[in-house]
Amino acid sequence: MAFPEDVLTEDEHVVLHLHPHWKALIRPIVVLVLAIAAVVVGVLLLPETSGGSIGLAVIGLIALVAVVWLGLWPFLVWRTTHYLFTNERVLLQQGVFSRDRRDIPLTRINDHSMNQHFLERMLGCGTLTIESAGERGQSVLADVPGVGQVQTKLYELVEAQHDKHSLGDGEMRDILADMREGKPLRDTTT
């Protein structure tokens, strides 16, 4: 379930592609281990009578439902949640059966902040909040692995995008000098 490259523009390239932190997989793994343990205990301890077989079937059914609901589903949600940082935008995508995607152009990002609780600091993850101009405002990315480094990279991307679309001091002086001399404006984007 890799992120499709066809959503990128011609000059766009991926800088970071992340899923939520692996801590989201702890519960599914625990549920799987407990379900297997419950079935093994049922096989070992239940008598080999029809009542024991029914009991084992009930334990197996409960274990199967628990694995699918509390194990497989959270794994699929984790696997289909993408935090993609490119040289032009931040793409947030999630959804197992349906898909929800949000694109935040780097030029619209006003502010970004990170937050880590004690356990998140121990595990190396945290929450990244991106504020952007527009009607949706804030985007909260939960359980971002290496959130400090990701925030720093996002800052670098935003600054690079800003520098790409703004004139430097020397360019501005040249334009003003040309205007004083009556020369036509030249293209500074090349």
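A pocket is an open set of grid points, where a 1.4 Å probe fits, with protein on both sides within 12 Å along at least five of seven lines. In this predicted model, the largest pocket holds about 210 Å³ of space. Of the 14 residues that line this pocket, those closest to its centre are Leu92, Gln94, Asp100, Arg102 and Val140. The points below describe the chain as a whole, the pocket lining, the salt bridges and a surface patch.

**Overall architecture**

- The secondary structure of the chain consists of 5 helices and 7 strands.
- Along the sequence, these elements follow the pattern β-α-α-β-β-β-β-α-β-β-α-α.
- The chain has 190 residues, of which 31% count as buried.

**Lining of the largest pocket**

- Three strands, β3 (89-94), β4 (100-105) and β7 (138-145), each contribute at least two residues to the lining of the largest pocket.
- Strand β7 gives the most to this lining, namely 5 residues.

- Side chains of opposite charge can pair when their charged atoms come close.
- The whole structure contains 5 salt bridges.
- One of these salt bridges joins lysine 23 to glutamate 120, with the closest N and O atoms 3.9 Å apart. Lysine 23 lies in the loop between β1 (14-18) and α1, while glutamate 120 lies in helix α3 (residues 118-123), so this pair ties together parts that are 97 residues apart in sequence.
- Glutamate 120 counts as buried because its relative accessibility is 8%.
- Lysine 23 also forms a salt bridge with aspartate 143, at a distance of 3.2 Å from N to O. This pair links distant parts of the chain, since lysine 23 is in the loop between β1 and α1 and aspartate 143 is in strand β7, 120 residues apart.

- The side chains of arginine 89 and aspartate 103 meet in a salt bridge of 2.6 Å, N to O. Arginine 89 belongs to strand β3 and aspartate 103 to strand β4, and the pair links these distant parts of the chain, 14 residues apart.
- Aspartate 103 counts as partly exposed because its relative accessibility is 36%. Arginine 89, at 13% relative accessibility, is therefore classed as buried.
- Through salt bridges that share partners, Glu12, Arg89 and Asp103 are joined into one network.

**Nonpolar surface patch**

- Leu32, Ile36, Val40, Val41, Val43, Leu44 and Leu45 form a nonpolar patch on the surface. Together, these residues have about 690 Å² of accessible area.
- Leucine 45, a member of this patch, is placed in helix α1 (residues 26-45).
- A residue is exposed when its relative accessible area is over 50%. Leucine 45 reaches 67% relative accessibility and therefore counts as exposed.

Technical notes: Residues are numbered from 1 along each chain as its sequence is written. This is a predicted model: local features need pLDDT of at least 70, side-chain atom pairs count only at pLDDT 80 or more; totals for chains, interfaces and linings use all residues. Side-chain values use heavy atoms; hydrogens and water are left out. Patches are made of residues with over 30% relative accessible area and no salt bridge: like charges are joined within 9 Å, nonpolar side chains (Val, Leu, Ile, Met, Phe, Trp, Tyr) within 5 Å. Accessible areas come from the Shrake-Rupley method with a 1.4 Å probe; for residues, only the protein chains shown count as cover. A salt bridge is a side-chain nitrogen of Lys or Arg within 4 Å of a carboxyl oxygen of Asp or Glu. Helices (H or I, at least four residues) and strands (E, at least two) are DSSP runs, numbered from the N terminus. Buried means under 20% relative accessible area, exposed over 50%, partly exposed in between (1.4 Å probe, protein chains only). On a 1 Å grid over the protein atoms alone, a cavity is a set of points where a 1.4 Å probe fits but cannot get out, and a pocket is an open set with protein on both sides within 12 Å along at least five of seven lines; lining residues have an atom within 4 Å of a point. Grid points are joined across faces, edges and corners, and a volume is the space filled by probe spheres set on the points.
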